[in-house]
Amino acid sequence: AAKRRSTNSYQFYTDAMRQQMLLRMELETILHQALENQWFQVYYQPRVNIRSGQIVGMEALLRLPYNGAFISPTEFIPIAEETGLILPIGKWVLQTACKQNKQWQLKGLRPLRVSVNLSPNQFSQKNLLRQIEEILMETGLAPEWLELEITESAFMNKGAATLNVFASLRQMGVHISIDDFGTGYSSLGYLKRFEIDCLKIDKTFVDEIGRNRKDSNLADAIIRMGKSLNMTIVAEGVATQAQLTFLQESNCDQVQGYIFSPPVPPAEFELLVNKENLLNEIG
Ligand code: C2E
Ligand code: MG
Ligand code: MG
Ligand code: MG
């Protein structure tokens with residue numbers, strides 16, 4: 001690449017770093033445009049009861065179409081978080097998911113709980129509670145049909161204020177789950193203090209089931225610990241029958257993964273819900 005180092009400051013950046021900065025700036029611009037022009041979409045991935053094969057809920061996952069492909073949330077969410085854009089984007093996801101869920105209920109679909117990912121910055125917003133109350137009010141969705149997914153890092157080292165937000169949300173009837181459980185720093189004590197409804201075992205543990213004894217045992221231990229605290233346990237990223245069987249034997253409650261379905265657009269999700277038992281659909 002051409003090296004234009006007209007000022008001293010440039011010398012501190014390698015080409016790779018410059019490349020990365022350009023990419024970040026480009027992504028930031030795209031995020032602004034996406035918000036303004038409503039490019040974002042929400043896809044839904046079913047959460048399936050491991051015994052009945054029934055869909056019991058769905059995770060709302062943000063999609064950003066761009067130039068005929070999708071930019072992965074793992075790429076753009078971190079930038080949205082750093083730039084603060086996650087606040088308007090996150091609010092839009094909440095509104096869209098609640099509205100969609102209410103529409104499905106009005107249409108006569110079996111009522112399902114929709115879970116929405118909340119980034120740490122969103123969770124720290126002063127007005128989060130009011131925002132959620134307003135969205136539920138506007139959309140007419142009953143609080144029990146909304147779940148918020150947060151990662152361990154979102155409330156580590158947080159004090160009484162966080163505790164209060166949790167308590168208020170729980171009081172309203174909104175469910176709370178810990179996403180990517182086992183990957184973050186966690187002092188298990190918080191699980192009890194915060195009265196969390198649900199643990200989602202991270203895909204990295206599920207991936208190793210049947211391959212790696214230690215990680216299989218870890219998945220099993222997480223399930224047992226969570227169940228002893230009366231939590232619902234969801235395994236993420238389940239892709240094979242062997243993993244499913246292991247999780248069934250370990251008494252896991254729900255699974256989410258490609259074995260049943262990837263995240264799909266709303267119209268496709270409706271077709272899935274109308275199936276009685278997804279266990280019968282596995283090839
Ligand atoms: P997550 O919340 O842990 O979501 C699960 C991710 O695992 C999704 O990736 C989903 O498509 C993927 N997945 C589920 N089952 C399988 C499987 O069987 N195999 C494989 N290979 N993947 C599977 P996705 O949609 O790319 O999202 C990635 C992450 O981006 C999410 O991880 C979440 O942390 C973040 N994210 C997505 N949407 C939002 C959002 O609206 N707000 C925030 N704050 N973060 C979001
Ligand atoms: Mg999630
Ligand atoms: Mg996860
Ligand atoms: Mg994740």
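A polar contact is a pair of N or O atoms within 3.5 Å; within protein, one atom must be able to donate a hydrogen and the other to accept it, and residues adjacent in sequence count only if both atoms are side-chain atoms. The structure is a predicted model, in which local features need pLDDT of at least 70 and side-chain atom pairs count only at pLDDT 80 or more, while totals for chains, interfaces and linings use all residues. Residues are numbered from 1 along each chain as its sequence is written, chains are lettered from A and ligands numbered from 1 in the order in which they are written, and side-chain values use heavy atoms, with hydrogens and water left out.

**Exercise 1.** Determine whether glutamine 256 is buried or exposed, and find the side chain with which its own side chain makes a polar contact.

*Solution.* Begin with the location: glutamine 256 belongs to strand 9, residues 254-256, where strands (E, at least two residues) and helices (H or I, at least four) are DSSP runs numbered from the N terminus. Next, take its relative accessibility of 2%, because of which glutamine 256 counts as buried; buried means under 20% relative accessible area, exposed over 50%, and partly exposed in between, with a 1.4 Å probe and protein chains only. Finally, its side chain makes a polar contact of 2.6 Å with the side chain of glutamate 59.

**Exercise 2.** Check the length of helix 3 and describe how its buried residues are arranged.

*Solution.* The expected span is 1.5 Å times one less than the number of residues, so the 21 residues of helix 3 should span 30 Å, which agrees with the 30 Å between its end C-alpha atoms. Seen down the helix axis, the buried residues fall within an arc of 160 degrees (taken from the directions from the axis to the C-beta atoms), and therefore they line one face of helix 3. The face turned away from this buried side carries the exposed residues Lys99 and Leu106.
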